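Hello,

Here is the structure I promised to pass on. My notes follow below it.

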Amino acid sequence: MKYNVFIIKYAEIGTKGKNRYVFEDILCKRMRQRLKPLGSFAVKKEYGRIYVIAHDDEYDYDEMMSRLTKIFGITGVCPVKVVKDLTYENISSALIEYVDNEYDNKDFSFKMHVRRNNKEFPMNSMEMDASLGGDLLDKFEAEGLHVDVHKPEVKIEVEIREKAYIYSKIIPGPGGLPVGTNGKAISLLSGGIDSPVATYMIAKRGVEMEAVYFNAPPYTSERAKDKVKKLGTIVSQFAGPIKLNIINFTDIQLAIYDNCPHDELTIIMKRFMFRVAEDIAKRDDCQCIVTGESIGQVSSQTTHSLGVINDAISDIPVFRPLIGMDKQEIIEVSKAIDTYETSILPYEDCCTIFVAKHPVTRPKLEQILKSEEKLKGIIEPLYEKAMNEIETVYLK
């Protein structure tokens with residue numbers, strides 16, 4: 001059955017009170033942006049409902065649905081049959097046609113649910129529930145259709161507004177809030193499993209995402225960089241376009257390697273990564289830094305290590321959405337958003353190249369600061385050079 005009209009479901013947006021219209025308007029904007037390359041679509045908002053209307057019958061249904069169900073803020077997309085002439089007979093006839101076309105096998109339980117927003121319609125919701133349900137039984141009971149109001153296999157919805165809308169299927173969306181409603185963040189994006197998931201999760205809260213990747217040629221390959229670009233592109237299907245800042249980090253890492261205790265390499269390296277992220281955040285008006293760290297996952301993610309790393313910056317908060325998740329939970333999210341298979345490709349990044357055999361797990365800030373003193377006069381020109389040579393790529 002070909003559909004040209006879709007009801008867009010949302011949840012959290014509905015709790016925003018007087019600011020609700022702001023979230024709805026941004027959600028509509030995101031939908032128009034995503035659908036524009038696919039043809040002629042209208043996105044309309046009225047009476048607490050958002051509709052997508054396809055003007056071209058030849059549109060790509062699967063691609064349209066794929067795009068809509070990746071937009072944060074949407075909890076579901078409902079293909080609907082529209083009845084323009086509001087009479088009971090027209091609604092009943094359209095409902096029977098809908099069920100007949102939509103379900104080849106009619107041996108299932110159902111429940112009618114009518115919402116009469118148009119108070120001029122002569123029958124109320126309960127009367128419509130009973131009458132329309134009776135019409136369906138008269139037509140399809142012999143084929144197995146039966147009523148179960150407590151645990152129905154199919155819930156058939158009819159909304160009576162200026163027109164009547166009939167639907168029974170909800171294609172789930174990701175939920176959350178529309179990107180652009182909660183500021184901007186910069187994510188430390190690597191080629192691993194965790195950071196793409198963290199980026200996705202913060203974007204789901206309505207945050208526009210930027211990213212920084214630390215490249216270390218010749219110790220890391222061009223394939224490692226391409227892998228990160230691919231991960232960012234996958235996440236951008238949900239988060240919208242992502243500006244990726246690529247930092248040549250090799251000289252900074254080598255300076256740390258040559259001048260600091262090797263068991264402190266990862267801690268000091270991450271402190272400099274945070275400084276880079278903070279400087280880019282200030283330049284690009286990002287309000288926070290996002291990482292994929294989870295307590296205890298590796299030596300640099302103990303509570304002691306995280307505290308010492310955080311001390312490297314002062315003005316911008318660090319958000320760690322995975323902080324209480326175990327690895328399997330993170331993997332499950334990565335599989336759900338299709339980043340997992342790319343993340344496990346065997347192209348190492350700078351975080352895995354310069355790792356000590358026995359890294360410190362309970363670092364002392366005083367000792368780390370003392371070790372960083374050895375970098376004075378050496379690291380500053382290398383840091384400035386790296387910041388001046390940032391490669392920028394827009395992922396979408």
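**Pockets and cavities**

Helix 6 gives the largest share of the lining of the second largest pocket, four residues. Helices (H or I, at least four residues) and strands (E, at least two) are DSSP runs, numbered from the N terminus. On a 1 Å grid over the protein atoms alone, a pocket is an open set of points with protein on both sides within 12 Å along at least five of seven lines, a cavity is a set where a 1.4 Å probe fits but cannot get out, and lining residues have an atom within 4 Å of a point.

Before going on, note that this is a predicted model: local features need pLDDT of at least 70, side-chain atom pairs count only at pLDDT 80 or more, and totals for chains, interfaces and linings use all residues. Residues are numbered from 1 along each chain as its sequence is written, and side-chain values use heavy atoms, with hydrogens and water left out.

The second largest pocket holds about 500 Å³ of space. Grid points are joined across faces, edges and corners, and a volume is the space filled by probe spheres set on the points. The lining of this pocket has 22 residues, and Arg34, Ser236, Gly240, Pro241 and Lys396 lie nearest its centre. Elements giving two or more residues to this lining include helix 1 (20–35), helix 6 (222–239) and strand 12 (242–248). By class, the lining of the second largest pocket has six nonpolar, six polar and 10 charged residues. Here Ala, Val, Leu, Ile, Met, Phe, Trp, Tyr, Cys and Pro count as nonpolar, Asp, Glu, Lys and Arg as charged, and the others, Gly among them, as polar.

There are two cavities of 30 Å³ or more. The second largest cavity has a volume of about 30 Å³. Arg30, Arg34, Ile71, Phe72, Pro178, Val179 and Phe238 line the second largest cavity. Five of these lining residues are nonpolar, none polar and two charged.

**Overall build**

The protein has 14 helices and 15 strands. Its radius of gyration is 27 Å, whereas a compact globule of 396 residues would have one near 21 Å. That radius is taken over C-alpha atoms, and the globule rule is 2.2 Å times the number of residues to the power 0.38. The C-alpha atoms fill a box of roughly 85 × 40 × 35 Å along the principal axes. Of the 396 residues, 52% count as buried. Buried means under 20% relative accessible area, exposed over 50%, partly exposed in between (1.4 Å probe, protein chains only).

**Cysteines**

How many disulfides are there? The count is zero, where a disulfide is a pair of cysteine sulfur atoms within 2.5 Å. For cysteine 78, the nearest cysteine sulfur is that of cysteine 28, 15 Å away. Cysteine 78 is buried, at 0% relative accessibility. For cysteine 286, the nearest is that of cysteine 288, 7.7 Å away.

**Single residues**

Serine 92 sits in helix 3 (residues 88–102). It is buried, with a relative accessible area of 9%. Leaving out residues up to four places away in sequence, serine 92 touches Leu132 and Asp135 (contact means heavy atoms within 4.5 Å).

The peptide bond from proline 217 to proline 218 is cis, with omega near 5 degrees. Proline 218 is in the loop between strand 11 and helix 6.

Aspartate 285 is not a glycine, yet has a positive phi of about 60 degrees. Aspartate 285 is exposed, with a relative accessible area of 56%.

Best wishes
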